[in-house]
Amino acid sequence: EAKDVFSAFCPATPVEKIHGEATVQAVFDINNNKDAERVAGLMVSEGRLYLDKLKTESGSLNCEYRIKRDGTIVADGLKAKTLRRVKEEVKDVRRGEECGLNLLDYTDIEQGDVIECYSVEMKRIFV
């Protein structure tokens, strides 16, 4: 009982979980009538990439993306605009599959970059 009381006073701590990782194989500039977009052609090397939300037992988590170049993080907290396999929009892509990823308001992607899909969940520490 006392543990429950003390745990209620502990602040929630952010816990990050990496869901998947992919390598940029090619970069495509797509010019449509509205504005130019940059799409990363990826090969998923670990786990899964998710478009926006990951369903869990306790609800759903917002997925974000991070870009690493030569082992250094160059961008973090990015959102996916589109995730496609061939020409079809999908909600997730598995290890070993190729896909196209367009990040919202971000275009500095280069061949060889590593892209991680992750989420942050706030968890209470139990005493």
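Predicted model: local features only at pLDDT ≥ 70, side-chain atom pairs only at ≥ 80, totals over all residues.
Of the 127 residues in the protein chain, 32% count as buried. Among the contacts in the protein chain with a separation of 6 or more, 66% are accounted for by residues 24 or more positions apart.

The largest nonpolar core has 25 residues, and those with the most contacts inside it are Leu42, Leu49, Tyr65, Ile67, Leu101, Leu103 and Ile115. At least two residues of this core are supplied by each of strand E1 (13-31), strand E2 (36-50), strand E4 (59-69), strand E5 (72-78), strand E6 (80-85), strand E9 (98-103) and strand E10 (114-123), and the largest share, five residues, comes from E2. The surroundings of Ile115 illustrate how residues from separate parts of the sequence meet in the model: when residues up to four places away in sequence are not counted, Ile115 touches Gly20, Glu21, Ala22, Val24, Ala40, Leu42, Tyr65, Arg66, Ile67 and Leu101. Among these partners, Leu42, Tyr65, Ile67 and Leu101 are also listed, together with Ile115 itself, as residues with the most contacts inside the core.

Arg66, one of the residues touched by Ile115, also takes part in an arrangement with an aromatic side chain, in that the charged end of Arg66 sits over the ring of Tyr118, 4.1 Å from the centre of that ring. By contrast, a search of the whole structure for aromatic pairs finds zero.

The largest pocket has a volume of about 160 Å³. It is lined by 10 residues, of which Ile30, Glu37, Val39, Thr82 and Arg84 are the closest to the centre of the pocket.

Thr82, one of the lining residues closest to the centre of the pocket, has its place in strand E6. Thr82 counts as buried because its relative accessible area is 15%, where the cut-off for a buried residue is under 20%. With residues up to four places away in sequence not counted, Thr82 touches Leu51, Glu89, Gly100, Leu101 and Asn102.

Note on methods
Residues numbered from 1 in each chain as written. Heavy atoms only, no water. Core = buried A, V, L, I, M, F, W, Y, C linked by side-chain atoms within 4.5 Å. Buried < 20%, exposed > 50% of the residue type's maximum accessible area, 1.4 Å probe, protein only. Helix = DSSP H or I, 4+ residues; strand = E, 2+ residues; numbered from the N terminus. Contact = heavy atoms within 4.5 Å. Phe/Tyr/Trp six-rings, centres within 6.5 Å; stacked < 30°, edge-to-face > 60°. Lys NZ or Arg CZ within 6 Å of the ring centre and 35° of its normal. 1 Å grid on protein atoms, 1.4 Å probe; cavity = no way out; pocket = protein on both sides within 12 Å on 5 of 7 lines; lining within 4 Å. Points joined across faces, edges and corners; volume = space filled by probe spheres on them.
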